[in-house]
Amino acid sequence: NNYYYAQNYNVAIWNFIFIIVNIIQVIRIYDDRKPRMIPDDMKDLYNDLFKEFTSKEFLYFMNLGERETISNQKIISLGQHQKDLLLILNGQASVTRQEVQIADLQRGQFVGEISFLTDQPASADVYAKGELKCIKWDQSKIRAVKISNNAFWAKLNAVLTNDLTSKIAS
């Protein structure tokens with residue numbers, strides 16, 4: 001149509017490129033927002049803790065981590081830099097400072113999020129009480145996401161900050 005009016009191939013070619021780029025962008029947006037199947041054992045976490053994430057982002061984040069079972073052992077040591085961020089799936093953890101218990105952590109709560117957010121050494125000891133099932137993320141892998149996907153990073157920061165705020169409030 002532009003060629004007919006302007007007798008110029010350049011205008012027609014640039015319009016065609018513009019249309020193709022926009023079609024690709026629409027397809028990408030649709031794919032990002034398309035609902036994904038969340039496993040039944042993770043639906044409560046997705047609906048409560050990660051409600052700001054799309055289902056694709058949630059599954060991506062869960063797949064970045066590794067499931068692990070820890071039994072009756074120290075998870076975090078006071079004063080040490082943390083390599084991992086953990087999310088409790090099942091069981092409990094006890095947070096102590098100078099041998100005084102200051103909190104109990106359970107399903108849907110993070111362990112090591114203060115160290116992750118502040119990049120400072122741990123401010124308390126954390127022990128698994130009995131068998132503790134969790135997802136463990138290497139902090140360096142998560143920090144690498146900051147460079148490639150800033151919107152995801154902002155959502156993750158909000159999740160961790162909300163978790164921390166709820167712990168302080170209780």
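Which elements cover the buried residues of helix 6? The points below take up this question and then turn to other parts of the structure.

1. Basis of the note. This is a predicted model, in which local features need pLDDT of at least 70 and side-chain atom pairs count only at pLDDT 80 or more, while totals for chains, interfaces and linings use all residues. Residues are numbered from 1 along each chain as its sequence is written, and side-chain values use heavy atoms, with hydrogens and water left out.

2. Helix 6. The cover over its buried residues includes helix 4 (55-64), strand 3 (84-97), helix 5 (113-118), strand 6 (125-138) and helix 7 (150-169); contact here means heavy atoms within 4.5 Å. Helices (H or I, at least four residues) and strands (E, at least two) are DSSP runs numbered from the N terminus. Within helix 6 (residues 139-148), the buried residues are Gln139, Ile142 and Val145, where buried means under 20% relative accessible area, exposed over 50% and partly exposed in between (1.4 Å probe, protein chains only). These residues cover an arc of only 110° around the axis, which puts them on the same side of helix 6. The arc is that of the directions from the helix axis to the C-beta atoms. Ile147 and Ser148, on the other side of helix 6, are exposed.

3. Helix 4. Ser55, Glu57, Phe58, Phe61 and Met62 are the buried residues of helix 4. They fall within an arc of 160° when seen down the axis, so they line one face of the helix. Their cover includes helix 3 (43-48), strand 3, strand 6, helix 6 and helix 7.

4. Serine 115. This residue lies in helix 5 and counts as buried, at 6% relative accessibility. Its side chain reaches the backbone oxygen of glutamine 120 at 3.3 Å and the backbone nitrogen of alanine 122 at 3.5 Å. A polar contact is a pair of N or O atoms within 3.5 Å; within protein, one must be able to donate a hydrogen and the other to accept it, and residues adjacent in sequence count only if both atoms are side-chain atoms. Not counting residues up to four places away in sequence, serine 115 touches Gln82, Gln120, Pro121, Ala122 and Arg143.

5. The second largest pocket. Its volume is about 210 Å³. Among the lining residues are Asp32, Tyr60, Asn149 and Phe152, and helix 4 and helix 7 each supply at least two residues of this lining. On a 1 Å grid over the protein atoms alone, a cavity is a set of points where a 1.4 Å probe fits but cannot get out, and a pocket is an open set with protein on both sides within 12 Å along at least five of seven lines; lining residues have an atom within 4 Å of a point. Grid points are joined across faces, edges and corners, and a volume is the space filled by probe spheres set on the points.

6. Backbone angles. Asparagine 72 has a phi near 45°, a positive value in a residue other than glycine. Asparagine 72 is found in the loop between strand 1 (66-71) and strand 2 (74-76), and is exposed, with a relative accessible area of 60%. Aspartate 119 also has a positive phi, near 60°, and is placed in the loop between helix 5 and strand 6.
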